[in-house]
Protein chains: 2
Amino acid sequence: MTMTTGCVRLSRGGSSRSIIGLPQSLSRNAGSVIFRRSGVVPSPTANLHHYHRLPSTSRSMTNSTVHRALNAKNINPNILKAQYAVRGEIAVRSEEYRKALQAGAGHRLPFHSVISANIGNPQQLDQKPITFFRQVLSIMEYPALIEHEEIFPEDVRERARVLLEDVGSVGAYSQSQGAYGIRKSVANFIKERDGFEANPDDIFLTGGASAGVHTLLNTICASRNTGVLIPIPQYPLYTATLALLDATAVSYHLNEEQKWSTNVELIETARQNAADNGTDVRCICVINPGNPTGSSLSVEDIKGVIRIAAKNHLVIMADEVYQTNVYDGVEFHSFKKVLRTLQREEPGRYDHVELVSLHSTSKGIVGECGHRGGYFELVNFDPEVKAQIYKLVSITLCPPVIGQCLVELMVNPPKEGEPSWELYNKERNHIFNGLESRAKALYQAFKDMTGVSCQNPDGAMYLFPSITIPEKAQAEARSLGKQPDEFYCLKMLDATGICVVPGSGFGQVEGTWHFRTTFLPPGTEWVDRLKKFHEGFMKEYSD
Amino acid sequence: MTMTTGCVRLSRGGSSRSIIGLPQSLSRNAGSVIFRRSGVVPSPTANLHHYHRLPSTSRSMTNSTVHRALNAKNINPNILKAQYAVRGEIAVRSEEYRKALQAGAGHRLPFHSVISANIGNPQQLDQKPITFFRQVLSIMEYPALIEHEEIFPEDVRERARVLLEDVGSVGAYSQSQGAYGIRKSVANFIKERDGFEANPDDIFLTGGASAGVHTLLNTICASRNTGVLIPIPQYPLYTATLALLDATAVSYHLNEEQKWSTNVELIETARQNAADNGTDVRCICVINPGNPTGSSLSVEDIKGVIRIAAKNHLVIMADEVYQTNVYDGVEFHSFKKVLRTLQREEPGRYDHVELVSLHSTSKGIVGECGHRGGYFELVNFDPEVKAQIYKLVSITLCPPVIGQCLVELMVNPPKEGEPSWELYNKERNHIFNGLESRAKALYQAFKDMTGVSCQNPDGAMYLFPSITIPEKAQAEARSLGKQPDEFYCLKMLDATGICVVPGSGFGQVEGTWHFRTTFLPPGTEWVDRLKKFHEGFMKEYSD
């Protein structure tokens, strides 16, 4: 039993009954979950089955001594149902390892750093903010800075002036739909991108795209019987939100073999089967470019989705947050542009198709996840439905105003000839080229690995390789109550410090196994760690 | 028919068929609701019943021509049910007036400015941000500024350094529960305030208190049968959220005559009646200091609520966002402090009482509504329930990070002797004294008005006077399909430009009428306008 098998033993023998690798003082502070050793039998997978979840506050009081109003059996059952693997057990464990390393308690760990490849969080890793954006935002926070010509270029100060005029103070509530001037900028951006008009009244600024998805699905879902078509694999925000709303997710599979593209037959079959079972299917979600797949849809694929929506009266929810993350010469096509084109090409046949497109400041070259900025555009929606959406968002008052300002900066960046252009362009290209080259390098690494296949990435921030998990490993996973890909990812984390998300968190064709990794972490050293782990894993379980 | 009646005629005679006072181009941009003239009979109330809602996008397409998936009859019925008067029709109309005035089209309006007294949005009005807070936030946005000793005092730069260390970039997602260092500061603040320990693991940072309320009610409400005790009058966030969750709001009335205090008999009766009807009452919400009432609860009142909660196994949800808005020597008592005191005084009898306390950066002397910062503290919660709350908040990733930083600054402001102390203290006192003196002036004005009674304000940002509405006015209101207090507030807006919220938006004892006004708008000229309107209204309808 050596480290080359890819498995990890944080302790030797049966002597260690403490929380291994995690000083108690740290684990108490770490959140709601710690891992406690409950057995002493040495095993190659000690760290997997000898630790179980124990809530950190249980030290002060246990359920048996008090009769509280709330317990895990009587709270909202929809919350119990909801699953969100991106920040699940593996992510929590990776944070424990990070804390242990920071506290100097990492000498028993077989790695020297934790690599967070589980979540698209660029600025946690290598990516630097765009200077122009942050300069404007700093003046928005402290307007007295606007006088400092020696610090801020003229276009930064001018933009801050315009935004201050529009929002007043970033400390004041804005209109619930978002500041009007910013929505006008978004409409201009959409018009320039698509060549079709956009109306600021149809734009709703949001606290990140996630808040927009919640608002929209909340509006669409009228009962448990409402069905929403969801791609498989999907970003689990969709199924989690549907679970919270107690509505029905209707899965349609993407074509892995054809770069994870949509397939009209698979969609139509899924829809028909659900309808035959009495489900009121009224919406189709599409993530383009794809999360977790990294794919980018062709105009023909998009037209196919729109035709199905038109025929079956489905709202199209287009998650287009990765619209600027397209690589290798691939072009992004917005659903709005394709819909408007179809409306022009075949008059009268698509005027009833409701489309909502979501965008965000968290992705692209902006990467400002922590600012929670975003918007959605409603296309062809019933005005009364729009008024209800307005009422819904007004209950939470308004999205963060500084995040709204960032939306303005994203859709209206410096132009050639302006003082900030050169630096902006340099930073943008640096970020973009870095993403593109890391995507390629990681893809190449997966191509070289035994038992791994991966589609060539052309969008987003992720790769979603398919892994062949040996039968012996699958059996061991099941004996531990884990999915085989979850088992694989836990072992990867324990051996390498690399945190990825199992495919079962996104959905996959039964019997296939995947994981999602971002290509955001810098350098290639971690890719070598991953390769080495994979070889060891395959070797150990292929006998 | 002259202006002294308090009613408004924006047009003369029957000649004007256009949208009066609202240029069409403006009203198109203003949101989803405009007011269109649909009749020509001149009347003192022309502006009330000659305009009806017309969705602004109806110009492009009507329902009759297309078959969309969504309409106002088939969307989520809970959204249709939800009401949120604070940003309702009157607020929308006031924005139209503001736009008309800005566009120079206000010459037909009988006022020269719109006074937004409908919403606690200090920085939209007179209140300036605290310099220390904004200086630190500007460095968080653009860390290169940290070098500028000539701009920023040493304690500003030091605080920014500590926060940057904690959160990394404000553009990165934080932990879903909020950055750990900031939660530690919140725990210290609570400990200093109450004299009892607080644990950072029990603190969840939120995007304003509204987001926290949504998270908590979502967790607590398991079905339509779940009952939550809500004070009447209440801030309508509570009933709106319960409507969205399809749970049951169980009203308990506050004692208007005794400064809107809680009354244990009224609470117990409301709870018992609901329980007798089969409702599973499991939570009591208390807003202290009160919104819309401006009241502040005594220790005895709080103990009374805790005893009811202990006896009946109710979670206490304490909305304490106005905890620093207490005037005239009144003291704020936190539920946490009173609960811990009871636990010490009567050992074993209160250990099972679950309490969650909410706070926000939007109110107090901070007034940073647009930043969407806040937190809640869970006390005595089941660890498994806490883990489910963690999962729920993880689905929307994290609260805005710059808003989290503002929470840190709120709970840990400059201390005496530090470089920023003097300015901070001066600004804080200026804001606080301004709020206190305006509260008193407005209270005095209401005391002087015929047919108005008002409780002496000792907290929050609001007054909630009771108004005697003459029978003739009530009849006219009903003939227009309006509540009498809604009619009164619409007429006030049309006559004076002052926007307040009718009591019916908060709930009130049947047959009584109120309105909520903030005391945030500066000066006293608007108070004179209000007085003059009220006299005219009473005179017109008392005949």
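## Salt bridges across the model

Over all chains, the count comes to 50 salt bridges. A salt bridge here is a side-chain nitrogen of Lys or Arg within 4 Å of a carboxyl oxygen of Asp or Glu. In general, side chains of opposite charge can pair when their charged atoms come close.

This is a predicted model: local features need pLDDT of at least 70, side-chain atom pairs count only at pLDDT 80 or more, and totals for chains, interfaces and linings use all residues. Residues are numbered from 1 along each chain as its sequence is written, chains are lettered from A and ligands numbered from 1 in the order in which they are written, and side-chain values use heavy atoms, with hydrogens and water left out.

## Chain A in outline

Chain A has 18 helices and 16 strands. Helices (H or I, at least four residues) and strands (E, at least two) are DSSP runs, numbered from the N terminus. Of the 543 residues in chain A, 66% are buried. Buried means under 20% relative accessible area, exposed means over 50%, and partly exposed lies in between (1.4 Å probe, protein chains only).

Chain A exposes about 19200 Å². Carbon and sulfur atoms supply 50% of that area. Accessible areas come from the Shrake-Rupley method with a 1.4 Å probe; for residues, only the protein chains shown count as cover.

Now take contacts (heavy atoms within 4.5 Å). Among those in chain A between residues at least 6 apart in sequence, 71% join residues at least 24 apart.

Start in helix α4 (residues 89-102) of chain A. Arg93(A) and Glu89(A) both lie there, 4 residues apart, about one turn of the helix. Their side chains meet in a salt bridge, 3.8 Å from N to O. Arg93(A) has 4% relative accessibility, so Arg93(A) counts as buried. Glu89(A) is buried too, at 17%. The two belong to a network of salt bridges that also links Lys482(A) and Asp494(A).

Lys191(A) forms a salt bridge with Glu197(A). The closest N and O atoms are 3.0 Å apart. Is Glu197(A) buried or exposed? Glu197(A) is exposed, with a relative accessible area of 53%. Lys191(A), at 38%, counts as partly exposed.

In chain B, Arg157(B) forms a salt bridge with Glu154(B), with the closest N and O atoms 2.5 Å apart. The two are 3 residues apart in helix α6 (residues 154-167) of chain B, so about one helical turn separates them. Arg157(B) is buried, with a relative accessible area of 9%. Glu154(B) is partly exposed, at 38%.

## Aromatic pairs

The count of aromatic pairs over all chains is 40. Rings of Phe, Tyr and Trp (its six-membered ring) pair if their centres lie within 6.5 Å; planes under 30 degrees apart count as stacked, over 60 as edge-to-face and the rest as tilted. Phe204(A) and Phe376(A) have ring centres 5.1 Å apart and planes at 10°, so the pair is stacked. This pair links distant parts of the chain. Phe204(A) is in strand β4 (residues 203-206) and Phe376(A) is in strand β10 (residues 374-379), 172 residues apart. Both are buried.

Phe533(A) and Phe537(A) form a tilted pair: 5.8 Å centre to centre, with 45° between the planes. Both lie in helix α18 (residues 525-541) of chain A, 4 residues apart, about one turn of the helix. Phe533(A) is buried at 3% relative accessible area, and Phe537(A) is buried at 1%.

## Where chains A and B meet

How many residues does the contact take from each chain? It takes 107 from chain A and 108 from chain B. The size of an interface is often given as the accessible area lost when the parts come together. Chain A and chain B bury about 9000 Å² between them, 57% of it on carbon and sulfur atoms. Buried area is the accessible area (1.4 Å probe) that two parts lose on being put together, summed over both. In chain A, Leu70(A), Arg87(A) and Tyr173(A) lose the most area to chain B, together 9% of what that side buries.

There are 2 salt bridges between chain A and chain B. Arg134(A) forms a salt bridge with Glu141(B), the closest N and O atoms being 3.8 Å apart.
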